There are 2 protein chains.
Amino acid sequence: MPALTTHDSSGVRGSSSAGQQSNLAERVQAGEARALARVISMVENGDSRVRSVLKELRPPSTGARVIGLTGAPGAGKSTVTSALVTAFRARDIRTAVLAVDPTSPFSGGALLGDRVRMQDHATDPGVFIRSMGSRGQLGGLAAATPQAVRVLEAAGYPVILVETVGVGQAEVEIASAADTTVVLVVPGMGDSIQAAKAGVLEVADVLVVNKADRPDTQATVRDLRSMVALATADWKPPIVTTVATSGAGVDELVGQLDRHWSWLESSGERDRRRLARARDEVIALVFGMVRERLAVPDELAARVADGQLDVHEAAAELLTTIGL
Amino acid sequence: MPALTTHDSSGVRGSSSAGQQSNLAERVQAGEARALARVISMVENGDSRVRSVLKELRPPSTGARVIGLTGAPGAGKSTVTSALVTAFRARDIRTAVLAVDPTSPFSGGALLGDRVRMQDHATDPGVFIRSMGSRGQLGGLAAATPQAVRVLEAAGYPVILVETVGVGQAEVEIASAADTTVVLVVPGMGDSIQAAKAGVLEVADVLVVNKADRPDTQATVRDLRSMVALATADWKPPIVTTVATSGAGVDELVGQLDRHWSWLESSGERDRRRLARARDEVIALVFGMVRERLAVPDELAARVADGQLDVHEAAAELLTTIGL
């Protein structure tokens, strides 16, 4: 009789689960795209077996350079990301793209099908592109994204672009978990500038006014410049205008990204950010663990819904029941 | 010598803090706008004194009808909200508007200054308009928004419109904590439809294609219709086209909102939603409480950042230190 074997969608098979994970880690570090995709799926699905893989993956001592991109829908994130991939590839730097969509439970093919620009790189073995939705990770995408980045880092990509869809709080958190955060706006989108003003601008290391062939470009640049002038931090975010579809301005953008990278290293800010990020990652995971243990009894929820019980008292009561 | 008195920005004064809170609750239930604004500020600031006020506020037995509106920047949320206020006021229904901005630490005047449309209602005593940013609430806006809604309910507003800025996960969560959730899209915004397809559509009770005088309207409606056709839930979200600036389609929107309200009552769904909401509110608050007790030691974060310690082990270690 043949030995029992386990099968999965990626075609990996083996009779020992531990051996299989070990094998996966080796294959990721050897730069095998299929193994890499599989481990990121494990991260995405909250598959607990990913832990043993992550443990075995040792990041290269230099560490990858992680660039986050965020901005309102229609700002051209995919196009700018694709232009950056082209620019890094022209320098012969292997590049990974992680497109994170906090609003979507879907990932992989579904979303990437819409990312027409990315298809320019589909046949380049030096480029790895992957999208990730939110489905059941412990701690949500705030915990899953840094894990996926760590996997890409261990796979030896010196540059990792993390693009987030959406303009809300969750998206900003994800994009700002990078070494350099790029915020995209387009001319004349009042609401987009408004969002940039409010929360998004605070996390921007580089500001990009994309679609800069539109009429309101100069007004938008002036608007952003007056906001940046108020910043008190050591690093003043430069404002770059681009027309990513034609490639205009992309060289300047890459130059500003390099300048920011040098500043991160020389100022010690890079280490500070990595520490803050590790802290956030631990907290997100703790929340996920608390959430798993937390079942709100129907009776408690009903008393809150009816206004019989104050929500603070309900929360305190629940904390007691889980031993806090 | 005069007795010691306490002062605050709202001009409330008294020698007893408990008496002061009690007074505030009474004033809210008497429908005093200034007291109402003050209590919502307390919710927004995470002021612990709000707890005693919330405890004393007893919601009317009927409960308010809470309508959430969300959509991409530029979809015309403020204009549609304002048109709905006009429609409810024409029926002589007192109406409250809560504009929630998860991306912004700012609130009140700053944001409302941009909401030009809302100024149509500034002199109407039957309308209460308030914006709320995220600053320091325990449990974030996911916990603060239902608290603010409860305050408005206790103040006797039969209709409460909750508008959220942004299109991310946090925004969807906030808007969907309503009895009826309205999702706005505009014709031809590819990314906006994409967002609607993915996560936002799942929470929509009514879909609005605003700015329906634009060329791509019919294509957008068809697109949405084919998505709605796939829905398996009892309630199929109707698709309403509006030009909110001119008022076109607003009557039909109000009709669909009424129809959904009747369905909520007759199907028992309203109670189910209120229970689920109470549950979410308790959980958000528990998270806030856990967060307060949670300090990630520098040494632990450094080991995670350096890749010496697996983040899952770090999280487990931390949970142990806080007694879980």
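Predicted model: local features only at pLDDT ≥ 70, side-chain atom pairs only at ≥ 80, totals over all residues.
Colleague: What is the strand order of the open sheet of 7 strands in chain B?

Modeller: The pairing is parallel in this sheet, and the twist averages 20° from one strand to the next. As one example, β2 (residues 95-101) and β4 (residues 159-164) of chain B are joined by 6 bridges, with B:Ala99 opposite B:Glu163. Reading across, the order is β3-β2-β4-β1-β5-β6-β7.

Colleague: Which strands of chain B stand at the edges?

Modeller: Look for strands with a single partner, because one side of such a strand is left without a neighbour in the sheet. On the β7(B) side, that strand pairs with β6(B) over 3 bridges, in the parallel sense. The edge strands are β3 (127-133) and β7 of chain B.

Colleague: Which residue of β7(B) is the bridge partner of B:Leu207?

Modeller: B:Leu207 sits in β6(B), residues 206-209, and points the other way from B:Val206 and B:Val208. Towards β5(B), B:Leu207 is the bridge partner of B:Val183, and 4 bridges join those two strands. In β7(B), its partner is B:Ile239.

Colleague: What is the handedness of the β-α-β crossover from β6(B) to β7(B)?

Modeller: The chain gets from β6(B) to β7(B) through helix α9, residues 217-229 of chain B. That helix lies across β5, β6 and β7 of chain B, at about 170° to β7(B). The crossover is right-handed.

Colleague: At what angle does helix α10 of chain B run to β6(B)?

Modeller: Helix α10 covers residues 250-267 and lies across β1 (65-71), β5, β6 and β7 of chain B. Its angle to β6(B) is about 170°.

Colleague: Is B:Leu184 buried or exposed?

Modeller: B:Leu184 lies in strand β5 of chain B, and its contacts beyond its sequence neighbours include B:Leu69, B:Val80 and B:Val208. B:Thr241 is 57 residues away in sequence but 9.7 Å away in space, C-alpha to C-alpha. The cut-off is 20 or more other C-beta atoms within 10 Å. B:Leu184 has 30 of them, so it counts as buried.

Colleague: Which residues have the most contacts inside the largest nonpolar core?

Modeller: In soluble globular proteins, nonpolar side chains tend to be buried together. Here the largest nonpolar core has 171 residues. B:Val282 reaches over to chain A, with contacts that include A:Val296, A:Leu300, A:Val304 and A:Leu318. The residues with the most contacts inside that core are A:Val282 and B:Val282.

Methods: Residues numbered from 1 in each chain as written. Chains lettered and ligands numbered in written order. Buried ≥ 20, exposed ≤ 12 C-beta atoms within 10 Å, placed from the backbone. Pairing = 2+ DSSP bridges. Right-handed = clockwise from strand over helix to strand, strands pointing away. Core = buried A, V, L, I, M, F, W, Y, C linked by C-beta atoms within 7 Å. Contact = placed C-beta atoms within 7 Å. Axes fitted to C-alpha atoms, helices over the stretch in contact; angles between N-to-C directions. Lists of a residue's contacts leave out its neighbours within four places in sequence.
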